[in-house]
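Biologist: I'd like to learn how to read strands, helix packing and chain contacts in a model. Could we go through them together?

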Amino acid sequence: MVATQEYKVIGTRPIRHDGLDKVTGRAIYGADVKLPGMLYGAVLRSPHAHARIKSIDTSAAEAMAGVIAVMTAKDMPEAGDELVDLGEGAINFSHASDHIMAMNKAKFKGHPVAAVAAISTNVAREAVAAIKVDWEVLKSVVTVDEAMAPDAPAIVDGWVGDDLGEKSPLPNVGSHFRHEFGDIEKGFADSTTIIEHRYDLAMVHQGYIEPHNGTAIWDQDDRVRVWTSTQGSFTVRTQLAGVLQLDESRIKVIPTEIGGGFGGKIPIYVEPLAAILSKKSGGKPVRILMDRADVFEASGPTPGGWVSLKLGVNDDGKIIAGDADIRFDAGGFPGSPVGAAAMCMFSCYDIPNTRIDGWDIIVNKPKTAAYRAPGSTHVAYAIESIVDEICEKLNLDPVQFRLDNASKEGTRRGDGPIFPRIGNIETVEAARDSAHWNSPLDKNPGNGKVRGRGIASGYWFNVGLKSSVNLSVNTDGTVMLIEGSTDIGGSRTSIAMQAAEVLGISAEDVIPTVVDTDSVGYTDVTGGSRTTYATGFAAYKAAQSLIEELTTRASTIWDIPEDEVGFEDGKFSSKTDPELSMTFKELAGKLNETGGPVSSTGAVDLENAGGGFAVHICDLEIDPETGKTDVIRYTAVQDVGKAIHPSYVEGQMQGGSVQGIGWALNEEYFMNDDGQMANSSYLDYRMPTTLDLPEIETVLVEVPNPLHPFGVRGVGEPPIVPPVAAVANAIHDALGIRLRQAPMNPGRILEALKENNG
Amino acid sequence: MARVFIPFALRKMTGGATDVQVSGATLREVIDNLEEMFPGTRERLVQDDRIKPGMEAVVGEQPTREGLRAKVSEDVEVHFIPHIAGG
Amino acid sequence: MHPFDFVAATSVADVNSVLAQHGNRARPLVGGTDLLVQLRGGRFELDAVVDIKSVPEANVLELNGSLKMGSAVPLAEFYENQGVRNAYPGLIDCAELVGGIQIQSRASMAGNLCNATPSGDTICPMIVHSAQVHITSAKGDRTVAVEDFCTGPGRTVLEDGEWVLDITFPAPASGFGAAYERFIPRNEMDIAVVGVASSVTLDGSGKIADARVALAAVGPTPVFIRDITALLVGKEPTEENFVAAGKIAHDAVSPITDMRGTIEQRRHLSGVLTRRTLTKAAERAKAG
Amino acid sequence: MVDKVHVKTTINGQEFEFLVEPYMSLLETLRDVLNLTGTKEGCNDGNCGACTVEMNGRIVDSCCVLGAELNGATINTIEGMATPEGLHPLQQAFLEEAALQCGICTPGFLVSAKSLLEKEPDADEHRVRHWLAGNLCRCTGYDKIIKAVQKVQTSA
């Protein structure tokens, strides 16, 4: 299970470089930015889920003492109405602009309609409260099924969605696509066991603790500076350029530390409003912070919706047919991750005949964004539950069934392409061999409660994309590493460690800094589980160039040909004269006599890192009288490629697992009849607390990724995929009921028990 | 010849064929030749001389990072799939 | 947020004077864990808040047979008092589960009572302990039983200028036991889906001399069910009788369906938790 | 307009004297008036603990306290946890155990955990989890946070 290659730095657990600032309160996050002369912004948000703006009267706000600037959508530049590639996903800037501030119509509760900059937050809020909007409240639709009704109100005016290559007659279809391979009818005809169910999931939020924020200066030369906590400063720059209709070179994005993202801090929200208010106030800095309710109601949660799945199995216990219909609510604009969901649908299994329909449906809820393996958790809930049911029905061991049907190199994915070398089987085997799976579970512990165990698999892609790194050598033998990947969970260190490994120095001797968009080459978002892989690869390349240059310098010092200088184990030495040898540090001290500073650049644009697989095992205890459920033991097994810094790999697995557990048990957007989220606070959104969890055990399966010099694979996303299904299967093991609606909260458990008992 | 998998939404243009053999040394040539075989397919795959936004071309096993310039070898599979993002 | 003045009161007279001046545009501040959040959320506006935490009479915690608890005594101070722990385990049940430690450092039972949410965790336990609320104002003092204090969601018997100075709990009778249990989906930090407080007093023969059951989050105010008292008095503290009491609770409550639970779930839980808390209260009564 | 309130207080052992708007929370006062931005806002309604500080010996959510209440009070924030001699053992353990990812909840957790270890140095795992339940973390799943606290307990 352990990669065989010997490393000096990789695989160790150094203290992260930014740790000291973060445990002392010194680290500067978005809300900590304070600039001289700064104004404070506030946003007026729609109180209605769906309403036309008949008029807006900002005069009272403008007249208030201390108010410097007021804006509405009329102040937003007109943006192009076409799809533009963002590297990580595509965007329609006209929709983006309308999303950031509603032009004619609020499409979800919390949709911004005006904003104010004032001398204090309190004045700004009072001014916002003084803005009068004349609303025409429209019927709202918040579920996929409501929004697809022929008489549903059209949410995006003029939108016509694509339905399998034709224009959709329904107003709220963002798109409908299909993947179909093999002979699906014959597959089911040949099946001896067929199980079909629909699985519903509520919309859920990433739940990062730091609210969105943005501080901007738009100066008289039309240069815009923006401070924000984001997963991708360059992505923010591209989005701002599109929405503000400026050249990218006029925009400088300065990323602050970021308090969690999980996909939700890729889109922009308040940043362009701060910029426009700054422009309107004569170039004064303007800071806007969201509050927690804003975050829930008006940032980018992950979709709710449903997955209807039918699986057919033959007498040999092989899945030979799979037919899925996936419908996601995109929010107030088209663009849910239903595409990725479809691509993950059958990824853990080798199924010859498959059909997948994906529907992206516009509803009156916040526009969805990515959330850790977006879409994959939804489909895993369906397929892993049905696989569990098949195993129960046919009396098959769930692990052996997964092994017998496992996708592997050469398997055709549900969306068509063939899998390269993947670690699915190794991961299932590691789960099979884990201490947890082999431990007994007392299903009736005698305290009136019952226990159950569930297992589930999951898959995510792990993307590659673009990253840039600059290195420069200090004369004391340390190396500065400049990168553009914002660090959400220790990536500075995992990237620095890769450079250190190449340079033969310690992790501490590589000093990483995340810089603004003016100061390093283009770098895609910290997301898609790509950062340690792609930015680490860029660091590797930059370090290789550094060694090349330093080899030249050594040859200068020793006055021998370059090709006679070797570099191994952190030492430069002559291949012919054993007396001539210098460590990296020694050579660094002599650079001033060899031509001055040495620096290098590494830039990559990588293919996907190959898929990552996770298998989770969940034990839980249920009070059948109340439906109260507690997870009492949990193990996450995952193919992680090579773990650069194992502590932070474990941390990703633990954190993703716990988000998934929260999703399974309690988290949801609870919508009231007016299309409004009734529980837009941490109090009622019910994310897991320390007391709701056991230790999260981790098993790292290290199958090195052949596409990366150290074998790195993305690790951040697969851990959120299996938990919902693992919890569902454990509930079934405990109570004999199958819950097909998430969250599987105590109320639903009680209802199901009641139905079961007649 | 590359084996080009036709996205479902385009299968009307290919008479229902799910995959077709198409010649071409680069993705651009493959798509051009596909257009000759099945008029109308090109504009569904390409915009402004690039793969359409929101879509990725898989040549072999992975989405290509080289766009229409991607080399297409004999017997390789070509797919057009939705763009993969992540969180 | 509408700007308001801050007054740090050091005497009952200070508080009375501010409240007399501003009427319903002023309120006492103890923990702030409800008040400040509600002000910030625009639930209502105030012109003044008066901090009563430095008023000596609001800070008493006197255990002298009965228990007198000032309205500013934070939950943490209450449950850290060993004498109180020994005498009133049924109150400790609720004091230890409001919010997290941070909230318990500040919030008081009187504050919880005056906030008057139907789900308030400490109100029902006070009811089953037959607690009396000491209300004061510039016009004079009066006393109200806790079960009569809340009149609707967020509404109480307090009139403009009045505030709660302290709450008195009678000395636990011999053979008295009480317990509180709430149902929440998580293990902390939640609002009760249903909360039930029960107290049982056993006579010398082990029969029930008195029983009080009150439920949270199943009606517009905390619900004190006198029918259960009537059912149980004179009976044995048996499982069967407590199940019957639970049935009464199940039928007597009038919950709503909202984000925290459904009508059916809340009725069901009312029955279960009534049985459980009566059982626990009776155990404590036997032990005590 | 309302009058500002005069506040004299001790923060991290140092005396401060300033005027504050009467309606400003302690959190806003620390961050916007005193520039002590180590205390973070996560929810502003007492449900995440990111703004935890110690006030008169007890941990509180500073979003649910008024700045004006500081008068005469003693406050300890994350900024006062390390001394010129070095980090607090909890800070060191959080670094060594990788008990933070994004770090936004970290100051609140550290202030809460410090208070627990001072009051109940022998708290068992359940009690540690119970004490810290008012502090939300979304990155770590809490596992490494609990281990870091336990590490300090066993090495003390």
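**Strands, helices and chains**

Modeller: Let's start with one pair: Phe5(B) has Asp19(B) as its bridge partner in S2(B). Before going on, note that this is a predicted model, where local features need pLDDT of at least 70, side-chain atom pairs count only at pLDDT 80 or more, and totals for chains, interfaces and linings use all residues. Residues are numbered from 1 along each chain as its sequence is written, while chains are lettered from A and ligands numbered from 1 in the order in which they are written.

Biologist: How many bridges join S1(B) to S2(B), and do the strands run parallel or antiparallel?

Modeller: Strands (E, at least two residues) and helices (H or I, at least four) are DSSP runs, numbered from the N terminus, and two strands pair if DSSP finds at least two bridges between them. Here S1 (residues 2-5) and S2 (residues 19-22) of chain B run antiparallel and share four bridges. S1(B) is also joined to S7 (residues 77-82) of chain B, in parallel, by two bridges. In that pairing, Val4(B) is partnered by Val78(B) of S7(B).

Biologist: What is the strand order of the open sheet in chain C?

Modeller: In a regular strand the side chains alternate between the two faces of the sheet. The open sheet in chain C has three strands in the order S1-S3-S2, with parallel pairing. S1 (5-8) and S2 (26-29) of chain C are at the edges with a single partner strand each, so one side of each has no neighbour in the sheet. From one strand to the next, the twist averages 25 degrees. S2(C) and S3 (residues 48-51) of chain C are joined by four bridges, and Pro28(C) has Val50(C) as its partner in S3(C). Helix H1 (residues 12-22) of chain C lies across S1, S2 and S3, at about 165 degrees to S3(C).

Biologist: At what angle do H17(A) and H19(A) cross?

Modeller: Two packed helices are described by the angle between their axes and the distance between the axes. Axes are lines fitted to C-alpha atoms, for helices over the stretch in contact, and angles run from 0 to 180 degrees between N-to-C directions. H17 (residues 646-665) and H19 (residues 723-735) of chain A cross at roughly 55 degrees, their axes coming within 8 Å. Residues are in contact if their C-beta atoms, placed from the backbone, lie within 7 Å. Among the residues that meet are Trp663(A) of H17(A) and Val727(A) of H19(A). The contact divides into seven nonpolar, two polar and no charged residues, where Ala, Val, Leu, Ile, Met, Phe, Trp, Tyr, Cys and Pro count as nonpolar, Asp, Glu, Lys and Arg as charged, and the others, Gly among them, as polar.

Biologist: Which pair of chains has the most contacts?

Modeller: Of the four pairs of chains that touch, A and D have the most. There, 41 residues of chain D contact 42 residues of chain A. On the chain D side, H2(D) gives the most, with four residues. By class, that side has 21 nonpolar, 12 polar and eight charged residues. Chains B and C do not touch, their nearest C-alpha atoms being 26 Å apart. No contact joins chains B and D either, with closest C-alpha atoms 13 Å apart.

Definitions and conventions. Contact = placed C-beta atoms within 7 Å.
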